[in-house]
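Okay, thanks everyone, let's get going.

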Amino acid sequence: MTLLLVEDDRLLAETLIDALRLEGHAVDHLADGDAARDRLAGSEHGLSLVLLDLNLPGCGGLEVLATLRAHDRDTPVLILTARGAIEDRVRGLDLGADDYLAKPFALDELEARVRALLRRRERGQLLQVGPLSFDGLAQRFALGDTPLALPPREQRLLACLMRHAGEPVDKARLAEEAFQDQPMGDNAIEVYIHRLRKRLGDNGVALRTVRGLGYLLEAT
């Protein structure tokens, strides 16, 4: 997932970029409103979430937000704003921002808000790997036209693998992303991987072990 951080405070931006990358995200950074507006003006921006400061050089954050929402209602936007700027926060939410965080804020809270917004976005997505599909809104899997019923933990694991389809994902990352609220050991993950392989069978999608790198889900 690629996030866009629009923040002109260099020190704060560096701190946030480091924290978000440690969470496993790719982060693009822009320091002025004009560049952000240009980046978000087209529909093919390729971003999963935008963290947007409102007080920017060039055009303001609210104008950047309006530009994005003119053609994109789905990409989550987290507003970063001064603690006392209540009117700006209200206007931002009215323009289509999904959440806001008042400065100064704790990094733990920022990371939690980002995770929550990305989960909300995922629930509205349709993921596809060969004949395997996942309707995030209905929380349903299917192999071709056949529904694939899974227990909750296998659902979470398979959804995580589908988000990273085509790249190997190691056990530590699977445990963090799929089971962050339920501590999960390596042996348990191996058991769930084995079960998923049996359920997927030989139906045009494979769950392979890449030695030293993790598990890779791909169409065959």
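Predicted model: local features only at pLDDT ≥ 70, side-chain atom pairs only at ≥ 80, totals over all residues.

Numbering starts from 1 along each chain as its sequence is written, and side-chain values use heavy atoms, with hydrogens and water left out. When I say helix or strand, I mean DSSP runs numbered from the N terminus, H or I with at least four residues for helices, E with at least two for strands.

Back to strand 6. Its antiparallel pairing with strand 7, residues 132-135, runs over four bridges; two strands pair if DSSP finds at least two bridges between them. Leu126 has Asp135 as its bridge partner in strand 7. The two strands make a hairpin with two residues between them, and Gly130 in that turn has a positive phi of about 55 degrees. As background, most residues other than glycine have a negative phi, and most peptide bonds are trans.

Moving along, strand 7 also pairs with strand 8, residues 140-143, again antiparallel and over four bridges. There, Ser133 has Ala142 in strand 8 as its bridge partner. Put together, you get an open sheet of four strands in the order 6-7-8-9, with antiparallel pairing. Strand 6 and strand 9 (146-148) are at the edges with a single partner strand each, so one side of each has no neighbour in the sheet. On average, neighbouring strands in this sheet are turned by 25 degrees against each other, ignoring direction. For angles, axes are lines fitted to C-alpha atoms, for helices over the stretch in contact, and the values run from 0 to 180 degrees between N-to-C directions.

What is its strand order? It has five strands, ordered 2-1-3-4-5, with parallel pairing. The twist from one strand to the next averages 20 degrees.

Inside that sheet, strand 3 (residues 49-53) and strand 4 (residues 77-82) run parallel and are joined by four bridges. Leu51 sits opposite Leu78 of strand 4. Helix 3, residues 61-69, packs on the sheet and touches strand 3 and strand 4, with its direction at about 155 degrees to that of strand 3. Helix 2 (residues 33-40) lies across strand 1 (2-6), strand 2 and strand 3, at about 130 degrees to strand 2.

Is helix 3 mostly covered or uncovered? Mostly covered: seven of its nine residues are buried, buried being under 20% relative accessible area, with exposed over 50% and partly exposed in between, using a 1.4 Å probe and protein chains only. Among them are Leu62, Val64, Leu65 and Leu68. The buried residues of helix 3 pack against helix 2, strand 3, strand 4 and helix 4 (86-95).

One backbone detail to flag: the peptide bond from Lys103 to Pro104 is cis, with omega near -5 degrees. Pro104 is in the loop between strand 5 and helix 5 (107-123).

Glu154 lies in helix 6, and Glu154 is buried, at 1% relative accessible area. Which residues does Glu154 touch? Leaving out residues up to four places away in sequence, Glu154 touches Tyr192, Arg195, Leu196 and Arg199, where contact means heavy atoms within 4.5 Å.

In helix 7, residues 171-178, the buried ones are Leu174, Ala175 and Ala178. They cover an arc of only 100 degrees around the axis, so they are on the same side of helix 7; the arc is that of the directions from the helix axis to the C-beta atoms. Their cover includes helix 6 (152-163), helix 8 (186-200) and strand 11 (214-219).

Last, strand 10, residues 205-210, runs antiparallel to strand 11, and six bridges join them. Ala206 has Glu218 of strand 11 as its bridge partner. This hairpin has three residues between the strands, with Gly212 at a positive phi near 85 degrees.
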